[in-house]
Amino acid sequence: MTGEEWTEKYRPQHLNEIIGHKKIIEELRKWAASWEKGTSKDRAVILYGKAGVGKTTAAHAIARDFGWDTCLLYTSPSPRDLSTPRMP
């Protein structure tokens, strides 16, 4: 099993499986729940931080918990070409 396969196999699938960042996870849960009641006053959330802190994991977990579809957009790795988001 490669390292990548291992990380995917053991990636948390739900918000309650994520260890640490309890305040942030609770804020994400409240934000998502507000969409269940209609349009949230905070229309979007931006997850940012260093590589490996759990941004993608949290996004997939919240989508799974609330039955949402996901769509990943990657921007160019070049700081000169950030104009065109690309889908994998």
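Reader: What do the buried residues of helix 2 pack against?

Author: The buried residues of helix 2 pack against helix 3, where contact means heavy atoms within 4.5 Å. This is a predicted model, in which local features need pLDDT of at least 70 and side-chain atom pairs count only at pLDDT 80 or more, while totals for chains, interfaces and linings use all residues. Residues are numbered from 1 along each chain as its sequence is written, and side-chain values use heavy atoms, with hydrogens and water left out.

Reader: What makes a stretch a helix, and how many does the protein chain hold?

Author: A helix is a DSSP run of H or I with at least four residues, a strand is a run of E with at least two, and both are numbered from the N terminus. The protein chain has 3 helices and 0 strands, in the order α-α-α from the N terminus on.

Reader: Why is L28 called buried?

Author: Buried means under 20% relative accessible area, exposed means over 50%, and partly exposed lies in between, with a 1.4 Å probe and protein chains only. L28 has a relative accessible area of 7%, so L28 is buried. L28 lies in helix 2 and, leaving aside neighbours within four places in sequence, is in contact with V45, L47, A58 and I62. L28 and L47 are 19 residues apart in sequence, and their C-alpha atoms are 9.9 Å apart in space. Of the 88 residues of the protein chain, 15% count as buried.

Reader: How do you know that the buried residues of helix 2 line one face?

Author: The buried residues of helix 2 are I25, L28, W31 and A32. Seen down the helix axis, they fall within an arc of 125 degrees, so they line one face; the arc is that of the directions from the helix axis to the C-beta atoms. The face turned away from the buried side carries the exposed residues K22, K23 and K30.

Reader: How do you know that the span of helix 2 agrees with its number of residues?

Author: The expected span is 1.5 Å times one less than the number of residues. For the 15 residues of helix 2 this gives 21 Å, and the end C-alpha atoms are 21 Å apart, so the two agree. For helix 3, residues 55–66, the 12 residues should span 16 Å and the end C-alpha atoms are 17 Å apart, which also agrees.

Reader: What makes T57 count as buried?

Author: T57 has a relative accessible area of 15%, which puts T57 in the buried class. T57 is found in helix 3, whose buried residues are T57, A58, A61, I62 and A63. Not counting residues up to four places away in sequence, T57 touches R11, P12 and I18. What covers the buried residues of helix 3 includes helix 2.

Reader: What is the angle between helix 2 and helix 3, and which residues meet there?

Author: The two helices pack at about 35 degrees, with their axes 11 Å apart. Axes are lines fitted to C-alpha atoms, for helices over the stretch in contact, and angles run from 0 to 180 degrees between N-to-C directions. L28, R29, W31, A32, A33 and E36 in helix 2 meet A58, I62 and F66 in helix 3.

Reader: Why is the pair of W31 and W35 called edge-to-face?

Author: Rings of Phe, Tyr and Trp (its six-membered ring) pair if their centres lie within 6.5 Å; planes under 30 degrees apart count as stacked, over 60 as edge-to-face and the rest as tilted. The structure holds 4 aromatic pairs. The ring centres of W31 and W35 are 6.3 Å apart and the planes stand at 75 degrees, so this pair is edge-to-face. W31 and W35 are 4 residues apart in helix 2, which means about one helical turn between them. W31 is buried at 17% relative accessible area, whereas W35 is partly exposed at 28%. W31, W35, F66 and W68 form one aromatic cluster.

Reader: What makes the pair of W6 and Y10 tilted?

Author: The planes of W6 and Y10 are 45 degrees apart, and the centres are 5.1 Å apart. W6 has a relative accessible area of 48%, so W6 is partly exposed.
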